[in-house]
Amino acid sequence: MLACLLRLAVILLGYATASLAASAFLHVILFAWAGFEPNDAPPLLAGPLVFSVPVVALFVAYFGFVPSVVIILIGEVLGRHDWLTYAIGGGAVAAIFLAFVSQAPDAGFTVLDPRMMATVVGTGLVAGIAYWLVAGRSAGAWRF
């Protein structure tokens, strides 16, 4: 029982890390689109990033929760330890998000731009790899 609870804590920590990594990656890409140079970014954006990255991570965690649970359960039950499984799973979660957003008429924004779609899927790939670094390498460790 204690092994299952410990594994659940590791999974939650991995999900939080994946959400933060996805948010940070999304910020880096969007700042590059805005025209910020790498040398200009640290002094100009250090303060707002401390607030913005965790707030966007909350939205990432909220919108990706249900599909991520499915991917995490599949990885745990099958005992998948490879990074590619979680990277593809993160990309699939991002693609599911894009599919739902494109079907919602009152979403308030559109993601039909191919660059934005690639950015969202890339964010999912980064999140999947971040999850693997924290929790995916020991998937299925709760089983004896």
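Me: What does pLDDT tell me about the protein chain?

Reply: It is the predictor's confidence in each residue, from 0 to 100, and the protein chain averages 86, with 88% of the residues scoring at least 70. Among the elements, α2 has the lowest mean pLDDT (83) and α5 the highest (93), where helices are DSSP runs of H or I with at least four residues, strands are runs of E with at least two, and both are numbered from the N terminus. In this predicted model local features need pLDDT of at least 70 and side-chain atom pairs count only at pLDDT 80 or more, while totals for chains, interfaces and linings use all residues. Residues are numbered from 1 along each chain as its sequence is written, and side-chain values use heavy atoms, with hydrogens and water left out.

Me: What volume does the largest pocket have, and which residues are closest to its centre?

Reply: A pocket is an open set of points on a 1 Å grid over the protein atoms alone, where a 1.4 Å probe fits, with protein on both sides within 12 Å along at least five of seven lines; lining residues have an atom within 4 Å of a point. Here the volume, the space filled by probe spheres set on the points, is about 720 Å³. Of its 30 lining residues, Ala22, Val60, Phe97, Val120 and Thr123 are the closest to the centre, and α5 gives the largest share of the lining, 7 residues.

Me: Which helices line the second largest pocket?

Reply: Both α1 and α3 supply at least two residues of its lining, and its volume is about 270 Å³.
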